[in-house]
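Hello,

Here is the structure I promised to pass on. Please have a look at it first; my notes follow below.

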Number of protein chains: 2
Amino acid sequence: MLGFKPGDVQLYKTALSHRSVREGADENNERLEFLGDAVLSAIIAHFLFMKYPYKDEGFLTEMRSKMVNRQKLNEIAVRMGLKKITIYNKLDTALKKSQIFGNTLEALIGAVYLDKGYKKTQQWVEQYIISNHMFTDELESIEINIKNKLYGWANKNGKSLTFVIVNESMEGGRRLFTIGATIDGEVIAQAKGFNKKDASQLAAFKAVENLGL
Amino acid sequence: MLGFKPGDVQLYKTALSHRSVREGADENNERLEFLGDAVLSAIIAHFLFMKYPYKDEGFLTEMRSKMVNRQKLNEIAVRMGLKKITIYNKLDTALKKSQIFGNTLEALIGAVYLDKGYKKTQQWVEQYIISNHMFTDELESIEINIKNKLYGWANKNGKSLTFVIVNESMEGGRRLFTIGATIDGEVIAQAKGFNKKDASQLAAFKAVENLGL
């Protein structure tokens, strides 16, 4: 799975240990997940920065959120085989179906980073995660369908979906909109953008993620 | 300001160029800001991970949001002298008072990262930003007062402040709460946490940030 020999084996053991079997903050993988999440985000930012030299920050932000959302990471983790080696309470059937494996993957990235440093982690993530599992060309076109998907889900479940302006402020001389996706009047996700289209698109993505669709 | 000699000078020029004077996505600092924001986040995550070996992920997340919120970064940028060298439309008086300098600082971090690599950026951020401007010991105790600050502001301005549960879901076998801070019934900030206290604390922080208090 790693393609290299781990140095500090204990780090990797911690990365694979879910809190359902290790209570202590220094024993389970949640701290490494916090670290790995941030490192992954930086690596993806760099990757996108280089891949799309003329795209603006709004596009880069949206692409990243498509690449590293919770559901996507969980799928990748399962495909990489992390479900088989994560140590968790298997009697808890809710855990089995939950998205803890994406968290394990982030923790593993945190472990690789502490063990081997940033540059090695970057190479590993680019080869084993991005190029094997994240198809940016496909992701570029997803945005067209995401609102439709959400409207379809709402319709099917007899829910009312609307997008509302949660907040409007000025930033750097531009109007910054916060758009919320609401289901039956309750905000389930929100996102910011310098125009309403971008913000509502991103809110739709987050809504789909939050709903686990 | 840097303490080292820049390699690729053009990168730093771009980092200092606000979109009010450079329209093109490849000419102004917004793409570098996107990159620098992510790199800074990873560096702070690593710093906190090492500094607090027994604190859980909730604590680390909260500390980071105190260290890198928009207002804080803007203050640091101004103290570092970035206001004087940022290239922006000075006829736009709104810009002068806005928080574009924090964005410039993030863009500068992005430029250092591309020019010198992660490790050098990490050293520079730790020395010139964290240890000079971010006092973690003070920040640890701020949380006690943040809700009071928000209630004080609401009271003074005749607004009604409440914290509401925006969403409740299961993650990894635990209940995950999304708490929203609302002003006169409008959600102005929200945050997630595995208990309501953490989530509402974090929502209060974001609210203070969004309101620019």
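S98(B) lies in the loop that joins helix 6 (93-97) to helix 7 of chain B; helices are DSSP runs (H or I, at least four residues), numbered from the N terminus. At 14% relative accessibility, S98(B) is buried (under 20% relative accessible area, 1.4 Å probe, protein chains only). S98(B) and D137(B) are 39 residues apart in sequence and 28 Å apart in space, C-alpha to C-alpha.

A note on the source: this is a predicted model, where local features need pLDDT of at least 70 and side-chain atom pairs pLDDT 80 or more, while totals for chains, interfaces and linings use all residues. Residues are numbered from 1 along each chain, chains are lettered from A and ligands numbered from 1 as written, and side-chain values use heavy atoms, without hydrogens and water.

Next, helix 8 of chain B (residues 118-133). Helix 8 has a kink of about 35°, centred on E126(B) (the angle between axes fitted to the seven residues ending there and the seven starting there). Its buried residues include W124(B), V125(B) and I129(B). Among the elements covering them are helix 7 (100-116) and helix 8 (118-133) of chain A.

Finally, the two copies. A rotation of 180° with 0.0 Å of shift along its axis superposes chain A on chain B, RMSD 0.1 Å (least squares on C-alpha atoms of residues with pLDDT of at least 70 in both). The copies are thus related as by a two-fold rotation axis.

Best wishes

Conventions:
Helices (H or I, at least four residues) and strands (E, at least two) are DSSP runs, numbered from the N terminus. Buried means under 20% relative accessible area, exposed over 50%, partly exposed in between (1.4 Å probe, protein chains only). Contact means heavy atoms within 4.5 Å.
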